[in-house]
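Please read the following note alongside the sequence and the coordinates.

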Amino acid sequence: RVEIIFSNNIAGKVNIEIMDLQGKLVYSETNDSKSKVILNVSAYQEGIYLIRMTAGNHSTHRKLVITR
């Protein structure tokens, strides 16, 4: 499982996307009120993924490595 915690200064909707290294979108969610999101990644294959979080005009990327 992956836990994403948002800082208190983020207001409004946050779009969370997970993509594999080929750029294929494997997960997408829009979150508008939670300060924490828990993602179940147990069905994903081992490997490296990119998480993109976008709120308004601000965007950030993080690397996600899944190993078993």
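**Notes on the sheet and the salt bridges**

1. Glu-29 is buried, because its relative accessible area is 17% and buried means under 20% relative accessible area, with exposed over 50% and partly exposed in between (1.4 Å probe, protein chains only). This is a predicted model, in which local features need pLDDT of at least 70 and side-chain atom pairs count only at pLDDT 80 or more, while totals for chains, interfaces and linings use all residues. Residues are numbered from 1 along each chain as its sequence is written, and side-chain values use heavy atoms, with hydrogens and water left out.

2. Glu-29 lies in strand E3, where strands (E, at least two residues) are DSSP runs numbered from the N terminus. Leaving aside residues up to four places away in sequence, Glu-29 is in contact with Val-14, Asn-15, Ile-16, Lys-34, Val-37 and Leu-39, contact meaning heavy atoms within 4.5 Å.

3. Strand E3 belongs to an open sheet of 4 strands, whose order is E3-E2-E5-E6 and whose pairing is antiparallel; two strands pair if DSSP finds at least two bridges between them. Strand E3 (25-31) and strand E6 (58-66) stand at the edges with a single partner strand each, so one side of each has no neighbour in the sheet. From one strand to the next the twist averages 15°, the axes being lines fitted to C-alpha atoms and the angles running from 0 to 180 degrees between N-to-C directions.

4. Strand E2 (residues 14-20) and strand E3 run antiparallel and are joined by 6 bridges. Val-14 has Asn-31 in E3 as its bridge partner, and Val-14 is also among the residues that Glu-29 touches.

5. How many salt bridges does the rule give? The count comes to 2, a salt bridge being a side-chain nitrogen of Lys or Arg within 4 Å of a carboxyl oxygen of Asp or Glu.

6. One of them joins Arg-52 and Glu-17, with 2.5 Å from N to O. This pair links distant parts of the chain, since Arg-52 is in strand E5 (residues 47-55) and Glu-17 is in strand E2, 35 residues apart. Arg-52 is partly exposed, with a relative accessible area of 27%, whereas Glu-17 counts as buried at 14% relative accessibility.

7. Glu-3 forms a salt bridge with Arg-1, and the closest N and O atoms of this pair are 3.2 Å apart. Glu-3 is partly exposed, at a relative accessible area of 37%, and Arg-1 is exposed, at 69%.
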